[in-house]
Amino acid sequence: MALSGNCSRYYAREQGAAVPNSFPEVVELNVGGQVYFTRHSTLISIPHSLLWKMFSPKRDTANDLAKDSKGRFFIDRDGFLDGFLFRYILDYLRDRQVVLPDHFPERGRLKREAEYFQLPDLVKLLTPDEIKQSPDEFCHSDFEDWGFITVGYRGSCTMGREGQADAKFRRVPRILVCGRISLAKEVFGETLNESRDPDRAPERYTSRFYLKFRHLERAFDMLSECGFHMVACNSSVTASFVNQYTDDKIWSSYTEYVFYRKYRVFLLFFMCMDLFNRYICIYGLKPEEKKIKETIALKSL
């Protein structure tokens, strides 16, 4: 997906003007730990942007900018995400367009980076003027908030002969998350590690996500706060000898918990029906009167 903007370019040196430049022709940047190489002319190609203000040759600020231990100009951004997104900022500075992967999940963060670097035209490209949604898409999105999420973990312990050795348990190494990606991101947010299955569409499913923390209770609390209820759980255990010279065994287990959330639209409908039934009980509306009023209401439509 390519987003294009105005292709006009800015040049630091106008005809007849010789501006001394204290920056090298090729600039080395450290953006939150991500290293980039680019031409100085690329960084100042858009007037009044943050990079233009930082690296403008009209202002001798080369010695005032922060640098890392290797002398690279340092820009303080989140290295894991924002530093990675800086490549799209450079692409836009070079070509006045940015090509994003299909179903790009970090569009909102990239827009925030464009705002930080003061690139209003890129912000407009990342924010369509009109966002229209068909009735079918609206209904589809309404019913997408239901579904299942499965969390599981593997554990193990070593145990000798009964009564001769204490069991040595290992802590939970990793909590796995399975389910639709949009639901997993809604529930766990920034605590979700997507490194094993990145850049997947929200409507797709995955079984390769895991959580950045190791407390099952915290995962259960987050699921409960989002309206999920546990509907099933399962556990399996296997045993194997440590080696042929000992009776010690390694017990390995895998446990998973299945959570489910119903249609929110249906929940709202049932709440309305419950209020209606309470109204009937309070005011004593008879069934025949109810039928007559429903008939009158239908004819009035």
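Tutor: Let's start with the words we need: a residue is called buried when its relative accessible area is under 20%, exposed when that area is over 50%, and partly exposed in between. Keep in mind that this is a predicted model.

Now take R154, which sits in strand 6, the stretch covering residues 147-159. Its relative accessible area is 51%, so R154 counts as exposed.

Other charged side chains are paired up, and the structure holds 8 salt bridges. One of them joins E25 and R39, whose closest N and O atoms are 2.7 Å apart. E25 belongs to the loop between strand 1 (2-4) and strand 2 (26-31), while R39 belongs to strand 3 (residues 34-39), so this pair ties together parts that are 14 residues apart in sequence. How open are the two partners? E25 is exposed, at 51% relative accessible area, and R39 is partly exposed, at 44%.

Next comes the salt bridge between E113 and R77, with 2.6 Å from N to O. Here E113 is in helix 4 (residues 107-116) and R77 is in the loop between strand 4 (73-75) and helix 3 (82-95), so the link ties together parts 36 residues apart in sequence. Are these two buried or exposed? E113 is buried, because its relative accessible area is 1%. R77 is buried too, with a value of 16%.

Finally, let's step back to the whole protein. It has 10 helices and 12 strands. Of its 301 residues, 34% are buried. The accessible surface comes to about 19,800 Å², and carbon and sulfur atoms account for 54% of that area. Among contacts with a separation of 6 or more, 65% are between residues 24 or more positions apart.

How values were computed. Residues are numbered from 1 along each chain as its sequence is written. This is a predicted model: local features need pLDDT of at least 70, side-chain atom pairs count only at pLDDT 80 or more; totals for chains, interfaces and linings use all residues. Side-chain values use heavy atoms; hydrogens and water are left out. Helices (H or I, at least four residues) and strands (E, at least two) are DSSP runs, numbered from the N terminus. Buried means under 20% relative accessible area, exposed over 50%, partly exposed in between (1.4 Å probe, protein chains only). Contact means heavy atoms within 4.5 Å. Accessible areas come from the Shrake-Rupley method with a 1.4 Å probe; for residues, only the protein chains shown count as cover. A salt bridge is a side-chain nitrogen of Lys or Arg within 4 Å of a carboxyl oxygen of Asp or Glu.
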